[in-house]
Amino acid sequence: MGQAIECHFWDPAIRFDHEVSFTSEDIGGGITLRKPVFTVEILEKIIERIKQARQEYLRTHDILEVLDAIDTVNALWRNPTYHGRKTARDVLPTVTGFSIEMIELWGFNYFFDILKKDNLPLTGKQQPNNFKEFARCGDGLVKAYGKPHISHSNYEPEVIGHICAGNILGLAAFEMVMDKLVDAATWVKVPSEEPVFGALYAKSIEEVDPLLAHTIAVLPFNSDNTMVQEYLFSKSDLIRATGGERARKNLTELAERHRVPLAGHWHKFSFITIAREFLDAQAREIAELATLDVCAWDQQGCFSPQEIYVETGGRVSPKEFARLLAEEMETTSRALPKGTNSGKIQVLDGYYQYFTKETMGEPVKIFPSKTHQWLVIYEERNMNLEPSPLFRVIRVKPVSDIMEIPKRVTPLGSFLQTVGVAIPTDRLIPFADAMGQAGATNIRTISGMTLQKAWEPWDGRFPLHELFEHDGIHWVSIDTEDMDAEIKSALQRKRSIVDQRLEFKRK
Amino acid sequence: MSIVRFPSDEWIKIFKEELNKSTAYQEVAKDWEGDFLFVITPDEELKIETMFYIDLWHGKCRDAYLVKGEKQAKFVFKGPYSNWKKVIRKELDPIRGLIRGMFTVDGDSRVILDQAKAAQELVNTASKIPVVF
């Protein structure tokens, strides 16, 4: 029998003057997605209700109660037998095209740790003067660049709206939690590519604390529905949006028209840098770790690497590293298979493009996957930064000194985001500093590029701070104070995911 | 209790006395160790930065005074005068104020956040002192 999934959430006690009608979309696998058809009258009642619930709950309850409720919800989701997680497991591979292994092992098992009470970023505002050089924050380091010119402040936002991109699972949950920390009511536009998880998460809050949940509305609508967007923007104190270039253009215009501050997170470019010190007996381990960054979310995230720069002068050459990477890509891809929607065409395109170059005698070497699950390309001469076709297609390029990289990527400026690194601590700070000046925002230990820590800034701004104040500070983080220890624990994590999964498959 | 001006040395001395009378504060702050500087930064109504020193130790206030000159403490809790007024009138929970960026803290903020109930009792005590702003 098929499964009908509701993609919306609001207080079920809301009474509308006219019955809400729904559309049903059969997405295959016996799954039907049900979405409401919005009118202004429906939206008015929903927004009034989340504002009222905010007054009744967030403005009267102790912050500790709110935090405890959020913690209880996340404990539910960390339990693999929780019914909401079971529904998500049944439905999300079909909805998103990601493999069940990716959703469960890389998604749920790590994502809900970010939202644990003890990990939540509860200091709303860091003071840039304390971070003129890289200084301790969370279990890593941050540095402030730029000047604290404040362009927007509202310390008591009543309604915050979120427009979530569909490339990464779980963003809607993160947004709901962040809003509750600043006592704001929330509406979330869930992405058309993944309209399911947001409503499931809101329902799990309702199971724990109905009034808290009723400060939230999950609204599935298409981004070309101008009536809905115009109305929601007119009723919001702030909008946080993630998306591509088209979304940036449209939403910026809309926000300007309604004079609502917009915290936008748009297209980014991320890559990996490996220093020669790690290209010795550790080279294979580093290749193992790099595979996770390439495979995670099938390279669809803004934090996914598009290129790998490998420093020359180590015992293992960049070309040899590319070969090791290919071997390890095969192993990791068996444990974390690519999803069903995930670009065989892109892999084949990459293959034929570079096959031509290779046969023409150019210094290119292709390391292909027989199953078109992935493609590693070693390219010796082309030092230009180029976007990858993604879907697990990765280029490896040699670099004679890692300090050449910041100069090379400077033209990308604010498009730079995450740099996955295996660099010894004594060389890491100058590299991170130069990358920060170039525009990058997050320096993360290799294999952790897609694993945002709760305390880290996001595109140069702290996610909580961004909800009440916008300023000219550009924050840059390094996710660890101890690179060797972080690599050791990353390797344990990788092996616990990949090796255990392969062992399970063998049985 | 007579009406006193906030901020003033008189106010912080009364605050110390009232805190030491509060059994509720003694109970919730019995594990607390650490001194504070409460820094009131100028805004439209207050022209000069004002700073209180307050030494809190296992549910008791050992010392409290208006600082003249330099002073160091384990924690520095800082915010504009208008936000301090909201706290004293019980219109703003200081922990929420910290989360929402209305106050900043120097020192391990997680330790303060773990003592949210003690912070609330500090506010309850402060709110009982009749003040003129």
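## A look around chains A and B

A:Asp298 sits in the loop between helix 10 and strand 12 (305-311) of chain A. This is a predicted model, and in it the phi of A:Asp298 is near 50°, a positive value in a residue other than glycine. Most residues other than glycine have a negative phi, and most peptide bonds are trans. A:Asp298 is also buried, with 26 other C-beta atoms within 10 Å.

A:Asp459 lies in the loop between strand 17 (442-445) and strand 18 (469-478) of chain A. The table puts the two together.

| Residue | Phi | Other C-beta atoms within 10 Å |
|---|---|---|
| A:Asp298 | near 50° | 26 C-beta atoms, buried |
| A:Asp459 | near 55° | 22 C-beta atoms, buried |

Now back to helix 10 of chain A and its partner. The axes of helix 10 (residues 283-295) and helix 11 (residues 318-335) of chain A come within 8 Å and cross at roughly 55°, which makes helix 10 of chain A oblique to helix 11 of chain A. The crossing of these helices of chain A is right-handed. On the helix 10 side of chain A, the residues that meet helix 11 include A:Ala283, A:Ala287, A:Leu292 and A:Val294; among those they meet in helix 11 of chain A are A:Phe321, A:Leu324, A:Leu325 and A:Met329. By class, the residues of this contact between helix 10 and helix 11 of chain A divide into 10 nonpolar, 3 polar and 3 charged.

Let us turn to chain B. In helix 3 (residues 81-88) of chain B, the buried residues are B:Tyr81, B:Asn83, B:Trp84, B:Val87 and B:Ile88. Seen down the axis of helix 3 of chain B, these fall within an arc of 160°, so they line one face of the helix. Their cover includes strand 2 (33-41), strand 5 (75-80), helix 4 (94-99), helix 6 (116-127) and strand 7 (131-132) of chain B. After helix 3 of chain B comes B:Lys90, with a positive phi near 60°.

Elsewhere in chain B, a cis peptide bond joins B:Phe6 and B:Pro7, with omega about 0°. B:Pro7 belongs to the loop between strand 1 (4-5) and helix 1 (9-21) of chain B.

Finally, how do the chains meet? In total, 13 residues of chain B are in contact with 14 residues of chain A. Helix 4, strand 6 (104-106) and helix 5 (109-113) of chain B are the elements giving two or more residues to the side of chain B that touches chain A. Helix 4 of chain B gives the most to that side, with 4 residues.

Definitions and conventions. Residues numbered from 1 in each chain as written. Chains lettered and ligands numbered in written order. Predicted model: local features only at pLDDT ≥ 70, side-chain atom pairs only at ≥ 80, totals over all residues. Buried ≥ 20, exposed ≤ 12 C-beta atoms within 10 Å, placed from the backbone. Arc of directions from axis to C-beta. Contact = placed C-beta atoms within 7 Å. Axes fitted to C-alpha atoms, helices over the stretch in contact; angles between N-to-C directions. Parallel < 35°, antiparallel > 145°, perpendicular 65-115°, else oblique. Left-handed = near helix turned anticlockwise from the far one by under 90°. Nonpolar A, V, L, I, M, F, W, Y, C, P; charged D, E, K, R; others polar.
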